[in-house]
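Trainee: Please take me through one part of this model at close range. I would like the backbone first, then the contacts around it.

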Amino acid sequence: MGGLYPYLDVAGGVLFTLGSVCFVVAPLLELTRSAPVEAVDWIYMSGVILLTFAKVFVEGRAVYAHVFKSRSAQVSAEYHVAIVCFVVGGALFALSLALQLARLSALWVAVAALLSSLFFLAGSQAFVHDSWGHVRKDRFVQRESNAYLVGSFSFWEGSAFFTVAACFALAEVYRPPLWPPVTGVANLLGGVCFLCGSLTFMLLGYWEMASFRERRHVPHVRRRFEKFVQREACHIERAVQDSITHTTAHHATI
């Protein structure tokens with residue numbers, strides 16, 4: 001895993017982006033009624049699976065940093081809390097979709113979806129709080145910390161829209177659906193916000209990968225330079241000693 005360490009965030013960002021695309025396509029098809037309900041649910045399920053794998057990559061990198069890297073490369077406890085909340089939220093959303101595909105109680109489907117969105121919101125809030133600390137520490141001049149804050153806030157906005165959609169879906173269990181379809185519109189806006197946040201996190205992962213690879217090569221260059229200096233110093237010392245020996249021998253002959 002050590003060789004893959006700098007690439008895990010990029011892989012996580014790509015999977016986050018693909019999962020978020022599913023979260024945009026599914027409500028769009030639902031609003032336009034361009035696909036059956038089962039197809040829409042399976043697109044949502046694909047998005048959940050991709051997001052879950054993305055969290056595995058991101059958390060894997062964080063755990064590896066805690067075990068093998070210096071303190072400066074380690075993430076905060078809030079970061080881990082955010083990932084755990086996203087994992088739980090994804091599991092609850094997958095449960096909601098499974099219940100809906102099985103045509104079970106609409107109430108339990110709505111409750112599971114609401115709990116899922118609340119966990120997403122809590123995880124996004126943890127991301128925002130953690131990223132705000134980084135931005136304040138870097139005085140708003142580091143592109144990595146600024147991107148972290150922008151992506152975290154995009155996730156928070158998307159989670160808020162998902163929560164609104166889940167609340168309306170729960171209300172629609174007991175009364176006819178509203179028009180315009182607030183649930184579908186809120187889900188679409190949430191997917192768009194998640195897509196923006198995922199793209200930002202993917203860009204952040206690329207920047208961190210490039211920075212890591214640049215720092216990794218610095219010691220190698222330094223070692224080569226130090227060996228060069230030592231070699232030249234040895235040559236100079238040997239030349240001086242030969243010169244002294246030659247001069248001493250010359251004087252002794254005279």
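Mentor: Start at R33. This residue comes just after helix 1 and takes a positive phi of about 55°. Keep in mind that the model is predicted.

Now go back along helix 1. Helix 1 has 25 residues. From its first C-alpha to its last, helix 1 reaches 36 Å, close to the 36 Å expected at 1.5 Å a residue.

Next, the rings. The structure holds 21 aromatic pairs. One of them joins F23 and Y44. F23 sits in helix 1 (residues 8–32), and Y44 sits in helix 2 (residues 37–68). The two are 21 residues apart, so this pair links distant parts of the chain.

A second pair has another geometry class. Y148 and F201 have ring centres 6.0 Å apart, with planes at 70°. That angle makes the pair edge-to-face. Y148 belongs to helix 5 (residues 143–171), and F201 to helix 6 (residues 182–253). The pair therefore ties together parts that are 53 residues apart in sequence. Y148 is buried, with a relative accessible area of 8%. F201, at 12% relative accessibility, also counts as buried.

Helix 5 leads on to the helix packing. The axes of helix 4 and helix 5 come within 7 Å. They cross at roughly 160°, so helix 4 is roughly antiparallel to helix 5. The crossing is left-handed. By class, the residues of the contact between helix 4 and helix 5 are 23 nonpolar, 10 polar and two charged.

Helix 4 (residues 106–138) also meets helix 3 (residues 77–101). The axes of helix 3 and helix 4 come within 8 Å, and the crossing angle is roughly 165°. Helix 3 is therefore roughly antiparallel to helix 4. This crossing, too, is left-handed. The contact of helix 3 with helix 4 has 20 nonpolar, eight polar and two charged residues.

Technical notes. Residues are numbered from 1 along each chain as its sequence is written. This is a predicted model: local features need pLDDT of at least 70, side-chain atom pairs count only at pLDDT 80 or more; totals for chains, interfaces and linings use all residues. Side-chain values use heavy atoms; hydrogens and water are left out. Axes are lines fitted to C-alpha atoms, for helices over the stretch in contact, and angles run from 0 to 180 degrees between N-to-C directions. Helices (H or I, at least four residues) and strands (E, at least two) are DSSP runs, numbered from the N terminus. Angles under 35 degrees count as roughly parallel, over 145 as roughly antiparallel, 65 to 115 as roughly perpendicular and the rest as oblique. A crossing is left-handed if the near helix is turned anticlockwise from the far one by less than a right angle, and right-handed if clockwise. Ala, Val, Leu, Ile, Met, Phe, Trp, Tyr, Cys and Pro count as nonpolar, Asp, Glu, Lys and Arg as charged, and the others, Gly among them, as polar. Rings of Phe, Tyr and Trp (its six-membered ring) pair if their centres lie within 6.5 Å; planes under 30 degrees apart count as stacked, over 60 as edge-to-face and the rest as tilted. Buried means under 20% relative accessible area, exposed over 50%, partly exposed in between (1.4 Å probe, protein chains only). The expected span of a helix is 1.5 Å times one less than its number of residues.
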